[in-house]
Amino acid sequence: MAFDRFGRNIHYMRISLTDHCNLRCVYCMPEDMTFRPSAELLQDDELIVLMRLFTSLGFDKFRLTGGEPTVRAHIVDLVQEMTAVPGVRFMTMTTNGVLLGKLAAPLKAAGLQRVNISLDTLDPDRFKRLTRWGSLEQVWEGILAAEQAGLAPVKINAVVVRGYNERDVPDLARLTLEHPWQVRFIEMMPFAGATELQKTQVVPQKEMIERIQADLGPLEPANDGKLDGEARLFRLPGGLGEVGFISSVTVPFCASCTRARLTADGKLRLCLLREKEVDLLTPLRAGAGLGELRKLVLDGVWHKPWGHGLADGQVALNRGMSEIGG
Ligand code: SAM
Ligand code: SF4
């Protein structure tokens, strides 16, 4: 098992399968984003070696992310290979949903259990403005396809950006009245790439709750008030689904963090919002044995930072969000 200095058992790995993406969300990357050449990214066989290493250290929960994980070549075969690694108990994916219309059923058949789909507004024009290249219709089809394929319960992620979609919060929350979905509102976080917007246009959880309650009535705490992963959950009276808030900026949840991340270029990142990383790809390609890699992971986890420093104005600027994987 992998523990850090603060006694947290780190057993949840988020793996960025690629930094590439078929959208250009304003809160994530610039429109003229340049990506890493594929040769610099972890190859399929390297990923499987690292998966085996992680499960041998007690990691049992995995989330595939990016960039956009569905644009990775042979994604269905890769998911099948990854879920077949002994010790993998949960395998989920965070996706923008663009390709789910055709990929949801094959991904489910390959062993994927659930998906989180990003959807920041139900207005087609504002969707285009936020994602720059996206089509709301296509993502909506993807959400329905995911549900039909049994990648359930569907979770929807909405990043709220002042001046873009703060007025859409109640309409997104309203989805939970008729659908058994979890709609989670995310406070925007700062990274490299779109830092100015990310720092100045944050909409705090408190305001999101006020906007929802003004339109839809009181939010009742759900899940016995406990965190579901990083989300605080509520329910609208009579609703089938849940409304969640992921509020790293104003209500951090670092104390209960169980996560590490693997970047697409093979670095173990110990905190989303801290620059500290451990290179695994270079030693792997240099022929390091499992014992050496194991030590690198255990040492890295041991030195996992306690939490982020957003409250003190500290921003990790060595990477953008799409390179780390949210
Ligand atoms: N492309 C996939 C997607 O959009 O769902 C997966 C990768 S994306 C980086 C993972 C999650 O991070 C998405 O839910 C996205 O909305 C969120 N995200 C991106 N930039 C963010 C930021 N600056 N602050 C908070 N969340 C962000
Ligand atoms: Fe792509 Fe996801 Fe970033 Fe949007 S949030 S640009 S879909 S990686």
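Which polar backbone atom lies 2.8 Å from a nitrogen atom of ligand 1? I looked this up in a predicted model, in which local features need pLDDT of at least 70 and side-chain atom pairs pLDDT 80 or more, while totals for chains, interfaces and linings use all residues. Residues are numbered from 1 along each chain as written, chains are lettered from A and ligands numbered from 1 in written order, and side-chain values use heavy atoms, without hydrogens and water.

**Ligand 1.** I found that the atom belongs to M189. I took a polar contact as a pair of N or O atoms within 3.5 Å. I noted an oxygen atom of ligand 1 at 3.2 Å from a polar backbone atom of T95, and a nitrogen atom of the ligand at 3.4 Å from a polar side-chain atom of Q198. I listed 19 residues around ligand 1, of which Y27, G67, E68, S118 and M189 come nearest; a residue is counted if one of its heavy atoms lies within 4 Å.

**Ligand 2.** I recorded C21, L23, R24, C25, Y27, C28, M29, G67 and N96 around ligand 2. I classed this shell as six nonpolar, two polar and one charged, with Tyr and Cys counted as nonpolar and Gly as polar.

**Helices α1 and α2.** I read an angle of about 20° between α1 (residues 44–56) and α2 (residues 75–83), with axes 10 Å apart. The helices are therefore roughly parallel, the term for angles under 35 degrees.

Conventions
Axes fitted to C-alpha atoms, helices over the stretch in contact; angles between N-to-C directions. Helix = DSSP H or I, 4+ residues; strand = E, 2+ residues; numbered from the N terminus. Parallel < 35°, antiparallel > 145°, perpendicular 65-115°, else oblique. Polar contact = N/O pair within 3.5 Å; in protein donor to acceptor, adjacent residues only side chain to side chain.
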